[in-house]
Amino acid sequence: MGKIFKGRTALSGNFEGSAEVSHYGFNTAATYIDVIIGGSDSGVCMDHDNPDLFKHDLNGKVLCIPQTVGSSSAATLFMIILQKNIAPAAMLFANHIDSLAACGVLMGDNWLDKRIITVDLLGEDFLKSVKTGDKIKISEDGTIEIN
Amino acid sequence: MKRHQLNGQIGTDPNFTHATHTGHAKKNAKAGALPELKLTPEEQEIFDGKKGELLQKSIKTVVAYGQLFGARNLTDLDAAPHMAMSWGSDGVEPFLKIYKQLADGGLKTYAPFTADPKPMDFENLPMSDKETEVAKKIYNRMDELEEINLKLGMLKDAWSCACYLPQMGNTPKFGDMLAWSESSAINFSNSALGARTNRNSMGIDMLCSILGKAPVFGLLTDKGRKAKWHIDVRLDKMPNPEMIGSAIGIKVVEDVSYITGMDKFLPGGVNEENTGYLKDLGAATASNGAVGLYHMEGVTPEALKYGKDILEDDYQTYIIDEIELKRIYATYPNLWKEQEGTPERVYLGCPHMSYGQMVDWSNLIIGAMEKAGKTKVAIPTYFFGYHKVAEDYEKRNPELAKKIKSYGISIPKNCPMMWCSTPVSGAERIATNSNKTRVYTTARFFFDDALTHLIVNGELPPMA
């Protein structure tokens with residue numbers, strides 16, 4: 001069994017997938033800048049100020065981050081990437097979820113019927129433990145297993 | 001450089017602050033089950049879909065959002081809504097789509113609402129054909145947004161971030177519950193008026209306003225309005241509000257503060273004369289940090305009512321003196337591409353100017369122009385303000401307004417930051433008196449005396 005963490009479930013679900021880890025605040029707008037401005041259909045992170053994720057394809061991955069930061073228009077961007085089916089499958093927050101991400105994932109869930117499994121308050125140790133490429137098992141109750 | 005990753009697009013948080021952005025920090029929160037949010041029978045009916053699918057989706061989103069931040073109930077909203085979304089572009093297409101569904105479903109906000117200023121003012125801005133073309137391309141869905149907003153209950157031509165000014169009339173009372181977006185308006189309504197609103201994300205503001213309800217957490221609660229910081233201002237001369245606000249925002253991030261040492265500069269408390277000062281101080285706290293509320297001893301309503309009792313028991317103290325303000329000012333980066341170049345435009349007013357600020361800036365500029373024997377400003381200069389504030393200023397001060405106009409100064413009603421952020425204008429060297437504009441764009445912040453010198457002479461004074 002791998003290392004276990006227990007967080008708070010914002011949007012529940014069971015999922016197993018590969019981790020993409022950022023130790024920097026996840027800048028939603030900068031990540032999907034080409035989606036917003038160029039109409040791109042790619043889920044690749046274009047935030048060149050994020051050395052952890054730059055040029056990583058986040059589509060279908062388990063995104064592990066402290067919080068999201070940046071543009072207050074981020075909520076609409078979550079909905080755009082959900083519409084285009086290029087969103088991460090899950091978002092795991094070390095800190096308390098912020099209002100921009102919360103609005104985005106909840107509106108996507110309620111208005112598009114498309115879910116990004118979301119768990120927050122996993123703690124700083126979670127981000128210290130998890131590495132990009134790790135296999136992550138997410139359980140409905142907010143238990144996260146890193147293998 | 002960590003800012004302008006969006007080529008200066010509006011709304012960017014350039015400080016990339018780790019915060020909830022609600023105006024209520026959750027630094028020590030622990031994982032656990034979401035709180036139960038108890039609904040009234042009427043709310044439960046909406047939740048169960050008995051009032052239609054659109055309202056059901058709206059309340060489900062609002063309830064889930066509230067639970068994440070600790071809400072245990074909803075409250076009815078008072079006064080009227082204010083929305084930050086004032087630009088129609090492809091970037092906000094999902095919201096436009098949802099808002100259209102709400103409008104087509106015959107739903108309206110609980111009271112007529114106001115919204116932030118439009119990105120452009122094609123009537124009052126001296127825009128080149130190229131600028132106009134670029135702006136119309138970026139904000140290609142403005143007409144669609146305006147049409148939807150009007151259907152949802154927006155007041156006609158009510159586009160200004162300073163919606164609480166009497167000329168605009170969206171002025172909540174003490175204790176009113178709101179679900180506003182636009183960080184500077186949130187800050188003013190909480191701090192100067194004693195109304196209660198969290199810092200809401202766009203989208204949540206509209207859904208709450210359609211329901212006429214908001215989740216109760218953070219700045220809507222007595223506990224959430226207690227101050228975690230004592231800001232001890234130790235200055236003999238009235239400081240620039242933009243610098244005080246900047247220092248506080250950078251220090252406290254999103255905590256509530258209790259400011260002392262300022263009441264001697266602001267006799268009369270919250271009145272027409274002091275409105276501009278409090279507006280700019282608050283906007284700087286909100287943009288340099290993520291502050292939704294400050295109390296100011298002897299000035300703001302809750303500080304008058306509760307005094308130092310509104311401080312948390314374990315509050316921290318931050319001293320602001322001349323040395324600290326100079327230290328903060330020295331940290332502001334020069335983001336002009338040609339750093340030593342001469343400024344090309346002067347932007348005054350962000351948030352939109354109050355009546356008092358239009359009068360004060362007119363007197364300042366007229367005095368300096370007459371002393372220098374000049375009849376035209378040496379650099380394009382703009383007072384950004386709501387058109388009814390401008391009309392009030394012109395009506396009550398016809399001589400001032402006539403002179404200002406004759407110098408070549410115009411009063412556009414759009415958002416200066418959005419104009420500043422279009423690719424054409426964004427490349428210019430812009431000087432501003434707004435710390436908010438400094439934070440969100442490549443414009444540089446200068447003090448009033450330096451800007452006045454610039455307006456009259458076309459160049460900055462030495463050591464500005």
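**The interface of chain A and chain B**

Modeller: In this predicted model, the contact draws on 41 residues of chain A and 48 residues of chain B. Together the two chains bury about 3600 Å², with 65% of that area on carbon and sulfur atoms. On the side of chain A that touches chain B, at least two residues each are supplied by β2 (8–11), α1 (28–31), α2 (33–38), α3 (74–83) and α4 (99–112) of chain A. The largest share of this side, 8 residues, comes from α4(A). By residue class, the side of chain A that touches chain B comprises 21 nonpolar, 15 polar and 5 charged residues.

For the detailed view, I take Arg199(B), which lies in the loop between α6 (183–191) and α7 (204–211) of chain B. Arg199(B) counts as buried because its relative accessibility is 11%, below the 20% cut-off. Leaving aside residues up to four places away in sequence, Arg199(B) touches Ser99(A) as well as residues of chain B, including His21(B), Tyr65(B), Trp180(B), Ile186(B) and Val291(B). Ala290(B) is also among the residues touched, and the side chain of Arg199(B) reaches the backbone oxygen of Ala290(B) at 3.5 Å. Between Arg199(B) and Gly307(B), the separation is 108 residues in sequence and 24 Å in space, C-alpha to C-alpha.

How values were computed. Residues numbered from 1 in each chain as written. Chains lettered and ligands numbered in written order. Predicted model: local features only at pLDDT ≥ 70, side-chain atom pairs only at ≥ 80, totals over all residues. Heavy atoms only, no water. Contact = heavy atoms within 4.5 Å. Buried area = accessible area lost by both parts, 1.4 Å probe. Helix = DSSP H or I, 4+ residues; strand = E, 2+ residues; numbered from the N terminus. Nonpolar A, V, L, I, M, F, W, Y, C, P; charged D, E, K, R; others polar. Buried < 20%, exposed > 50% of the residue type's maximum accessible area, 1.4 Å probe, protein only. Polar contact = N/O pair within 3.5 Å; in protein donor to acceptor, adjacent residues only side chain to side chain.
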